[in-house]
Amino acid sequence: MEAIESRKLPYNVPGKYYTTDLCDGCAYCAAVAPENFDFEKSTNTYFVAHQPRDLEEEEFIQEAMDDCPVDAIRAIEALQPQAEV
Ligand code: SF4
């Protein structure tokens, strides 16, 4: 658990969900949850740009997390989704 958290990409906004350097830039997550994922050109990776703002967005993020081909999307289970500051 700690090891994977150390691979968290720096662009992720703080909160429950994040992507790691396992991301290969396939863009699947951004197709499933376009309001929540964004692209970083310099590393060809996607990151969590917005934590879920409602249950629908959380479901989309969870779908992306379940189906990410390289298991790059993670959640800190102890954290509840939080509104953006
Ligand atoms: S689905 Fe996974 S591998 Fe594909 S862009 Fe998103 S985080 Fe990266």
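This is a short tour of the structure, one selection at a time.

**Start with the whole protein.** Keep in mind that you are looking at a predicted model. Show it as a cartoon and you will find three helices and four strands. Following the chain along its sequence, the order is α-β-α-β-β-α-β. The C-alpha atoms fill a box of roughly 30 × 30 × 25 Å along the principal axes. The radius of gyration is 11 Å, which agrees with the value near 12 Å that a compact globule of 85 residues would have. Among contacts with a separation of 6 or more, 60% join residues 24 or more positions apart.

**Next, select the ligand and its surroundings.** Which residues are the closest to the ligand? They are Cys23, Cys26, Tyr28, Cys29 and Cys68, out of 15 residues that surround the ligand. Color this shell by class and you get 12 nonpolar, two polar and one charged residues.

**Stay on Cys29.** Leaving aside residues up to four places away in sequence, Cys29 touches Phe37, Tyr46, Ala64, Cys68 and Ile73. Cys29 also takes you to the largest nonpolar core, which has 14 residues; Cys29, Phe37, Ala64 and Ile73 touch the most other members. Strand E1 (17-19), strand E3 and helix H3 (55-67) each supply at least two residues of this core, and the largest share, three residues, comes from E3. In soluble globular proteins, nonpolar side chains tend to be buried together. Across the protein, buried residues make up 25% of the 85 residues.

**Now select residues 37-40 and 45-48.** These are strands E2 and E3, paired in the antiparallel sense over four bridges.

**Finish with two loop residues.** Most residues other than glycine have a negative phi. Ala27 has a positive one, near 80°. Look for Ala27 in the loop between E1 and helix H2 (28-32). Is Ala27 buried or exposed? Ala27 counts as exposed because it has 12 C-beta neighbours inside 10 Å.

Then move to Asp71, in the loop between H3 and strand E4 (73-75). Its phi is positive too, near 60°. With 13 C-beta neighbours inside 10 Å, Asp71 counts as partly exposed.

Methods. Residues are numbered from 1 along each chain as its sequence is written. This is a predicted model: local features need pLDDT of at least 70, side-chain atom pairs count only at pLDDT 80 or more; totals for chains, interfaces and linings use all residues. A residue is near a molecule or strand if its C-beta atom, placed from the backbone, lies within 6 Å of it. Ala, Val, Leu, Ile, Met, Phe, Trp, Tyr, Cys and Pro count as nonpolar, Asp, Glu, Lys and Arg as charged, and the others, Gly among them, as polar. Two strands pair if DSSP finds at least two bridges between them. A nonpolar core is a set of buried Ala, Val, Leu, Ile, Met, Phe, Trp, Tyr and Cys residues joined through C-beta atoms within 7 Å. A residue is buried if 20 or more other C-beta atoms lie within 10 Å of its own, exposed if 12 or fewer, and partly exposed in between; C-beta atoms are placed from the backbone. Two residues are in contact if their C-beta atoms, placed from the backbone, lie within 7 Å. The radius of gyration is taken over C-alpha atoms; the globule rule is 2.2 Å times the number of residues to the power 0.38.
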